[in-house]
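This report concerns local packing in a single structural model. The sequence and structure are shown first.

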Amino acid sequence: MMIAALLGSASPAFAEQLTIAVNGMDCEMCVAPITHAMQKAGAESTTVDLAKGVVHVVEKSEKPLSDTVVKQAIKDAGFEATRIDRSS
């Protein structure tokens, strides 16, 4: 019985990486609200690239983020998500 339980949980879960294009980010003061909003939404990690106007997010494998949740989190931080690209 213990072996079956171990085998059942052996399949790995992969977290997706999101690249989110965000309008309105232009200074270091933009980083904290976006990072906080994405962490509150359930992101594993968040990196803001002001030069490119994008936010890189790694999801928690056990809690994927829907596009709706991501867009709302960015909106709650005072910005607009214009595109979300996903990769694993």
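In which helix does Val 69 lie? Val 69 belongs to helix H3; helices (H or I, at least four residues) and strands (E, at least two) are DSSP runs, numbered from the N terminus.

The model is predicted, so that local features need pLDDT of at least 70 and side-chain atom pairs count only at pLDDT 80 or more, while totals for chains, interfaces and linings use all residues. Residues are numbered from 1 along each chain as its sequence is written, and side-chain values use heavy atoms, with hydrogens and water left out.

Two residues are listed below by relative accessible area; buried means under 20%, exposed over 50%, and partly exposed in between (1.4 Å probe, protein chains only).

| Residue | Relative accessible area | Class |
|---|---|---|
| Val 69 | 36% | partly exposed |
| Thr 46 | 15% | buried |

Helix H2 (residues 31-41) and helix H3 (residues 67-76) have axes that come within 8 Å and cross at roughly 145°; axes are lines fitted to C-alpha atoms over the stretch in contact, and angles run from 0 to 180 degrees between N-to-C directions. On the H2 side, Ile 34, Ala 37, Met 38 and Ala 41 meet Val 69, Val 70, Ala 73 and Ile 74 of H3, where contact means heavy atoms within 4.5 Å.

Thr 46 is part of strand S2 (residues 43-49). Leaving aside residues up to four places away in sequence, Thr 46 touches Thr 35, Met 38, Val 55, His 56 and Val 57.
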